[in-house]
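Me: Please take me through this structure, one question at a time. Keep it brisk.

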Amino acid sequence: MYGLMMDTPLLISSLIEHASTVFGGTEIVTRTVEGPIHRYTWTDAHLRSKQLAQALQTLDIHDGDAVATVAWNTHRHLELYYGVSGMGAVIHTVNPRLHPSQLVYVLNHAKDRALFIDLTFVPLLEAVQDHLQTVKHFVVMTDAAHMPKTTLPGALCYEDLLAAEDGAYEWPTFDENTAAGICYTSGTTGNPKGVVYSHRSSVLHAYGASLPSALPLSPGDAMLPVVPMFHVNAWGIPYGAAMCGYRLVLPGPRLDGAGLTELMAAEGVTVCCGVPTVHLGLLDHWRESGTGVPSLRMATVGGAAPTRSLIEAFHARGIAFLHGWGMTETSPIGTTCTLSALDEGLTDEQKVDVLMRQGRPLCGVRLRIVDAFGEPLPNDGEAMGELQIQGPWICSAYLGDEPGSALDDEGWFPTGDMAVIHPDGILQITDRKKDLIKSGGEWISSLDLEDVVTRHPEVSVAAVIAVPHEKWGERPLLVVQPAQGTSLSRESVLEFLEGQVAKWWLPDEVVLVDAIPLGATGKVQKSKLRETYGRA
Ligand code: ADP
């Protein structure tokens, strides 16, 4: 027997239609690539997304065609999120920080037919244009007054394209399992792999991520996503904002501590989100300038493990801290960590212990850990194994592969992360599988060691990698970026660690560097460190 309820497909266009109907006057504020602040409302964004859909039709873009963006977090990028997917085409958000050879690879692999480019990235595309096999149209995301001189063939102007359309357009209805977006993994080893989100998976992810136990935002909030719209859908915030009606403040290309602080303070931002390094940049700026963002009530961090000192620094300013875990293949949010009523009696320090964990799976997501033979391990807070995940917004295969081909025999997606799961279901990532250090047959977690090092007041960023060792197999090597204006020494780091970690965890070598290399998504690039220091 089937249920007798309406079979309304879960489509991305329904989100912006909702926002324009019930939160029509709510603002979307952008610091534009051209410089000035741009303001408009969900009603305006809806109309312009429809104009964009019409313009795509005139460019001969149809159902299932891939349309790439190389762009910052701006209102125009938001219109592409809705206009492209809404009309049945597939938005491929491209990470401009990819190596040029990988940029060419992903644009050809996804068979992108049109390319929408922010002014900043025009030179990047000019340099690789001869290698692009499928792109028919290059559109520069600006107005006529700012159109650059470019060698991109037949380059079109975004605002001119929209101005030619009237927006009298009905969003089409189609199967909710239709592809809506493509995002490639960062490709730290080999070529990037394409994850293909569907309308259904993106809408369900937006519902899951909007639960009060996940990202608790309401129409009274103003959210500034530093997490880029060119990677993992900016954690689904462009969809969640339409669903929940909070104000969006989009930072465009200025992501430094001073630029973000100025915009957040001026716009009364209440919640921000990004990788830990972005938040470190904010805190550094606040310390140096004596400023802050009085309206900020919550900092949301994901993409890499936050350190205790990061969480405490926000708490000291009266700002709540929310931590989440996910990956490109999980849309991206898999878990979030918030305190529950059961944590009320804990001391402040114990509360931070809880908040450092990656948290509970969003409703709809299931987790388990397995040993090297794929056998499930208990959720006892002690057994460590590889994390596997299932759920309606988890990838089952990569672009071009057979459905289900990314899963094991029992239908689980292997994450490549090592973790323990506590008896209350809370996930704690111990490391990436490839970053764990096996010394004398015992494991050393690089994350744990980094966390202790960053409690040293003169340490800004720390990264631990394994180096081969004749006797012990592998030993930890510590790379440290000192805080600005300090005179940190190797000896002081080692002295600080002594007594705080087991003796055999102490790094054999400490290297001080001006800047630890960050990858395409703002995370510490351990592969680079391994290339430089990971010798025998
Ligand atoms: P890439 O870094 O290759 O672009 P993703 O953006 O998909 O890929 O990153 C996913 C990985 O980032 C996870 O598998 C995990 O190792 C790491 N990660 C994400 N969030 C956290 C977190 N809160 N704590 C620790 N590691 C995290």
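Me: By class, how many residues of the lining of the largest cavity are nonpolar, polar and charged?

Reply: This is a predicted model: local features need pLDDT of at least 70, side-chain atom pairs count only at pLDDT 80 or more, and totals for chains, interfaces and linings use all residues. Residues are numbered from 1 along each chain as its sequence is written, and side-chain values use heavy atoms, without hydrogens and water. The lining includes L215, W235, I237 and S210. Sorted by class (nonpolar: Ala, Val, Leu, Ile, Met, Phe, Trp, Tyr, Cys, Pro; charged: Asp, Glu, Lys, Arg; polar: the others, Gly among them), the lining of the largest cavity has seven nonpolar, three polar and no charged residues.

Me: How much space lies in the largest cavity?

Reply: A cavity is a set of points on a 1 Å grid, over the protein atoms alone, where a 1.4 Å probe fits but cannot get out; a lining residue has an atom within 4 Å of a point. Points join across faces, edges and corners, and a volume is the space filled by probe spheres set on them. By this rule the chain has four cavities of 30 Å³ or more. The space in the largest cavity is about 60 Å³.

Me: Which helix gives the most to the lining of the largest cavity?

Reply: G240 and C244 are among the lining residues. The helix in question runs over residues 237-244 and gives three residues. Helices (DSSP H or I, at least four residues) and strands (E, at least two) are numbered from the N terminus. The top contributor to the largest cavity is α8.

Me: What volume has the second largest pocket?

Reply: A pocket is an open set of points with protein on both sides within 12 Å along at least five of seven lines. Here 17 residues line the second largest pocket, and D284, R287, P457, V459 and A483 are the closest to its centre. Seven residues of this lining are nonpolar, six polar and four charged. The volume of the second largest pocket is about 370 Å³.

Me: Which element gives the most to the lining of the second largest pocket?

Reply: At least two lining residues come from each of α10 (276-289), α11 (308-316) and β23 (459-469). The top contributor supplies five residues. That element is α10.

Me: Where does the second largest pocket lie?

Reply: Domain bounds come from an automatic or database domain assignment. Two domains both give residues to the lining, so the pocket lies between domain 2 (256-433) and domain 3 (437-533).

Me: How many helices and strands does the chain have?

Reply: The C-alpha trace spans about 70 × 60 × 50 Å along its principal axes. The chain has 15 helices and 25 strands.

Me: Which residue takes a positive phi in the hairpin of β19 and β20?

Reply: β19 (residues 413-421) and β20 are antiparallel, with five bridges. A419 stands opposite I429, and V420 stands opposite Q428. Five residues lie between the strands, and the residue with phi near 85° is G425.

Me: What is the bridge partner of I91 in β8?

Reply: The open sheet of seven strands is mixed, in the order β7-β6-β5-β3-β4-β8-β9. Strand β4 (residues 90-93) runs parallel to β8 (residues 179-184), joined by three bridges. The partner of I91 in β8 is G181.

Me: Which residue other than glycine has a positive phi near 55°?

Reply: Most residues other than glycine have a negative phi, and most peptide bonds are trans. The residue asked for is in the loop between α4 (100-109) and β5 (112-117). It is K111.

Me: What is the omega of the cis peptide bond from S331 to P332?

Reply: P332 is in the loop between β14 (320-326) and β15 (333-337). The bond from S331 to P332 is cis, and its omega is near 15°.

Key
Two strands pair if DSSP finds at least two bridges between them.
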